[in-house]
Amino acid sequence: MPASKVLVVATSHDQMGSTGHRTGVWLEELATPYYALLDGGADVTLVSIKGGAIPWDPRSLPVEAGEGPGEKPEEQPEVPASVHRFLADEKAMATARNSPALASVDPGSFDAVFLPGGHGPMWDAANDETLARIVGTMADQGKVVAAVCHGPAGLVKAKRQDGRSLVDGRRVSAFTNTEEEAVGLTAVVPFLLEDRLKELGGRFERGPDWQPFAAQDGNLITGQNPQSS
């Protein structure tokens, strides 16, 4: 039986609004699922929205963990083993330094798509027409669509064949309003992801702040926060 092929789409956006702080992918949210998939026998292809170097949120890296606004409270600076593994993985890092652009791949050749978070997706994934089309098409085809934390920003423009929002009427989770408030970024992000998913008809579900929680509705799987990756 051939291995399942999973497309992982990272943000290309590296600025936290006009704050002067850098953002990008929260590496834990990429690395943990990346190795769960690889170790489980999947064939994983990593791309980014624009292609080229994938930006990491510096606070998700060991040297700056727990410093400044990110996706975890400053009192939770621990960096999981998957992050250290990714940073030491020459093949993974070579791809991350020069990733293919999303538009350059054939989405029809994949069985699933996964969108990691970090605040970057709030600016680019939320507005990218190519990503919206790929996610909507794969969902209609019954393929798995998964996202974690701010990764579900990549679902907000996605539509089904009938024109309805992909999340309309479906169980969905993401970084919550209270978690965004706790990291002090409610006035920085272009919208609150929990609110937007609800506005689109999503049946928003959540666990306690900073605790693992995920929702599955058919082929749609969404996680709340970095701990959910």
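The model is predicted: local features need pLDDT of at least 70, side-chain atom pairs count only at pLDDT 80 or more, and totals for chains, interfaces and linings use all residues. Residues are numbered from 1 along each chain as its sequence is written, and side-chain values use heavy atoms, with hydrogens and water left out.

**Helix 3**

Helices (H or I, at least four residues) and strands (E, at least two) are DSSP runs numbered from the N terminus. Helix 3 covers residues 90–97, and Ala 92, Met 93 and Ala 96 are buried in it (buried means under 20% relative accessible area, exposed over 50% and partly exposed in between, with a 1.4 Å probe and protein chains only). Seen down the helix axis, these buried residues fall within an arc of 95 degrees, so they line one face of helix 3; the arc is that of the directions from the axis to the C-beta atoms. On the other side of helix 3, Glu 90, Lys 91 and Arg 97 are exposed. The buried residues of helix 3 pack against helix 1 (27–39) and helix 2 (81–87), where contact means heavy atoms within 4.5 Å.

**Thr 19**

Thr 19 lies in the loop between strand 1 (5–10) and helix 1. Thr 19 is partly exposed, at a relative accessible area of 35%. The side chain of Thr 19 reaches two backbone atoms, as tabulated here. A polar contact is a pair of N or O atoms within 3.5 Å; within protein, one must be able to donate a hydrogen and the other to accept it, and residues adjacent in sequence count only if both atoms are side-chain atoms.

| Side chain | Backbone atom reached | Distance |
|---|---|---|
| Thr 19 | oxygen of Met 16 | 2.7 Å |
| Thr 19 | nitrogen of His 21 | 3.1 Å |

**Strand 8 and its partners**

Two strands pair if DSSP finds at least two bridges between them. Strand 8 (residues 220–223) pairs with strand 4 (residues 144–148) in the parallel sense over 4 bridges, and Val 145 stands opposite Leu 220. Strand 7 (residues 214–217) pairs with strand 8 in the antiparallel sense over 4 bridges, with Ala 214 opposite Gly 223. The hairpin of strand 7 and strand 8 has 2 residues between the strands, and Gly 218 takes a positive phi near 60 degrees there.
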